[in-house]
Amino acid sequence: MGMSVTISVATEQDAEQIFRLQYLCFQSEAALYGNYRIDPLVQTLDSVRQEVGSDCVFVARLGDEVVGSVRGRVAEDGAAAIGKLCVHPRLQGHGIGARLLRAAEAALAQERGATRFRLFTGHRSEGNLRLYRRVGYETVGRSKGADGVEMIVLEKPAGAFVQTA
């Protein structure tokens, strides 16, 4: 019998696995833009540790292996910035990303008072855009990342939990 993927709050002990997974997962994003200096690829392990300690961070586990993660933080205006959603390439397309997103949204709304959710994804990242739109996000604008990549800004109200397949 195979193991199930579980979603849980990240712990300090997960930081190194999250760091390595993030580096692996964002290679394909970097290739889309021909830019290997995007934030997830240049973030330090210490910075990931800080985020795990202060932000709302969830992981997907297959046994002891971290195979997915997502982070969120609520700003003063009540909007929760959700970022660095990633799932191991061998497990993509099985709903793990949507499960991670739902876990982060629920915690950010219920425990940290988020009134809406905001995320950014590269304008060429069609798979990401499909997922975000499927779970209720709508495009609200565009911006340019610090790395020069054109980003699409998506939002949804905190009460808009959409059931996914």
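Strand β4 supplies the largest share of the lining of the largest pocket, 7 residues. The structure is a predicted model. In this model the largest pocket holds about 1400 Å³ of space, and the largest nonpolar core has 30 residues.

**Largest pocket**
- The lining is made up of 50 residues, and those nearest the pocket centre are F26, K84, L85, F120 and Y132.
- Elements giving two or more residues to this lining are the helices α1 (15–25), α2 (27–33), α3 (39–42), α5 (96–110) and α6 (126–134), together with the strands β3 (65–74), β4 (79–87) and β5 (116–122).
- By residue class, the lining has 23 nonpolar, 16 polar and 11 charged residues.

**Nonpolar cores**
- Within the largest core, the residues with the most contacts are F58, I82, L100, L108, F117, Y132 and Y137.
- Two or more residues each come from β2 (56–62), β3, β4, α5, β5, α6 and β7 (150–157).
- Helix α5 gives the most to this core, 8 residues.

**Helix α5**
- The helix has 15 residues and spans 21 Å from its first C-alpha to its last, close to the 21 Å expected at 1.5 Å a residue.
- Its buried residues are I96, G97, A98, L100, L101, A103, A104, E105, A107 and L108.

**Contacts of F58**
- Beyond its neighbours within four places in sequence, F58 is in contact with L100, A103, A104 and A107, and also with I7, S8, V9, A10, G68, S69 and V70.

Technical notes: Residues numbered from 1 in each chain as written. Predicted model: local features only at pLDDT ≥ 70, side-chain atom pairs only at ≥ 80, totals over all residues. Heavy atoms only, no water. 1 Å grid on protein atoms, 1.4 Å probe; cavity = no way out; pocket = protein on both sides within 12 Å on 5 of 7 lines; lining within 4 Å. Points joined across faces, edges and corners; volume = space filled by probe spheres on them. Helix = DSSP H or I, 4+ residues; strand = E, 2+ residues; numbered from the N terminus. Nonpolar A, V, L, I, M, F, W, Y, C, P; charged D, E, K, R; others polar. Expected span 1.5 Å × (residues − 1). Buried < 20%, exposed > 50% of the residue type's maximum accessible area, 1.4 Å probe, protein only. Core = buried A, V, L, I, M, F, W, Y, C linked by side-chain atoms within 4.5 Å. Contact = heavy atoms within 4.5 Å.
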